[in-house]
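Dear colleague,

I am handing over to you the structure shown below.

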Amino acid sequence: MRLDSAPIDRDLALRLRVEDFYAEYAQTIDDDRLEDWPGLFTEHGTYRVTTRENLDSGLPLALIYCDGRSMMEDRISALRTANIYEPHVYCHSTSALRVLGTSGGEIRTRANFTVLRTMSEGDTAIFACGRYFDQLVEEDGRLRFRARLAVLDSRQVDTLLVIPI
Amino acid sequence: MAFQKASAVVATKGGKRERPDVEDAFEDDDEEMKELRLKVNNLVGPAGLISMEDGCVGGWVQRAAKADPDATTVMPMGGRNVEASQGSRITEAAVRGFWKGWRECMGC
């Protein structure tokens, strides 16, 4: 019996594209190119950061809830010009990526994330970990988030959350 | 309508201690109002556009205050002077003025 490799090739190609897109997302934030961050979403895409507890309890409140690119641009504008915080950088690690399914041009994926935060004094700490649940679409020949939900395992954010996860 | 869990444990009727749901909306809110309330919550919390500085300043004060954990640390916030400390109305002068008046009234 000969296994047909075409579907596997297709799945692999999609997986590589999603992996590359996840890496682009992480590096856009970690390299402090935050002005490019909203462009990783569709114009009416949503971005939420919530906690595992709220998700499991069916409670809708999010720490960050951006409905559309404009709200994301507002966040970055506030971060650059208005908010006061100690300078710090993130290092994202994304793992356990799975493509859950595709339908109607939408790709549903999930992955784990860990975010290490390094302060200006040089100390690094585990800042956040959890799961991404995403809906991706292809637009202008590239992937974009129609919805990204970041679910934090912790419900205690150290000090503040100004840079997106 | 509950949106989130309270951050602190509280005693409820019967002495049971638990973290209750926080009511952030009314039962008769329509979907549009509920959505609006969820968006307004972008202002508060650790990622709140107007509240995140509270965590930042609290962190600075905590680090400064733990220099000697066995002693008491006092932060006089400008001392007993009630003159504005900066060229803005956003100062602690009014609070210091209040406590200066309170000390006089209380004879301390």
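**Chain B and its elements**

Chain B contains 3 helices and 4 strands; helices (H or I, at least four residues) and strands (E, at least two) are DSSP runs, numbered from the N terminus. Along the sequence, the pattern of chain B is β-β-β-β-α-α-α. Of the 108 residues in chain B, 7% are buried, a residue being buried if 20 or more other C-beta atoms, placed from the backbone, lie within 10 Å of its own.

Please note that this is a predicted model, in which local features need pLDDT of at least 70 and side-chain atom pairs count only at pLDDT 80 or more, while totals for chains, interfaces and linings use all residues. Residues are numbered from 1 along each chain as its sequence is written, and chains are lettered from A and ligands numbered from 1 in the order in which they are written.

**The sheet of chain A**

Chain A has an open sheet of 6 strands in the order β2-β1-β6-β5-β4-β3, with mixed pairing; two strands pair if DSSP finds at least two bridges between them. Because β2 and β3 (88-103) of chain A are at the edges with a single partner strand each, one side of each has no neighbour in the sheet. On average, neighbouring strands are turned by 20° against each other, direction ignored; axes are lines fitted to C-alpha atoms, for helices over the stretch in contact, and angles run from 0 to 180 degrees between N-to-C directions.

Within this chain, β4 (residues 106-119) and β5 (residues 124-139) of chain A pair in the antiparallel sense over 13 bridges. A:I107 stands opposite A:L136 in β5(A). Helix α3 (residues 69-81) of chain A lies across β1 (41-51) and β2 of chain A, at about 60° to β1(A).

**The nonpolar core**

The largest nonpolar core has 33 residues; such a core is a set of buried Ala, Val, Leu, Ile, Met, Phe, Trp, Tyr and Cys residues joined through C-beta atoms within 7 Å. β6(A) gives the largest share, 5 residues. Among the members that touch the most others are A:V49 and B:A47. Beyond its neighbours within four places in sequence, A:V49 is in contact with residues including A:A62, A:I165 and B:A47; contact requires C-beta atoms, placed from the backbone, within 7 Å.

**Where the chains meet**

In all, 22 residues of chain A are in contact with 19 residues of chain B. On the chain A side, α2 (52-57) and β2 (64-67) are the elements that give two or more residues.

Yours sincerely

How values were computed: Contact = placed C-beta atoms within 7 Å. Buried ≥ 20, exposed ≤ 12 C-beta atoms within 10 Å, placed from the backbone.
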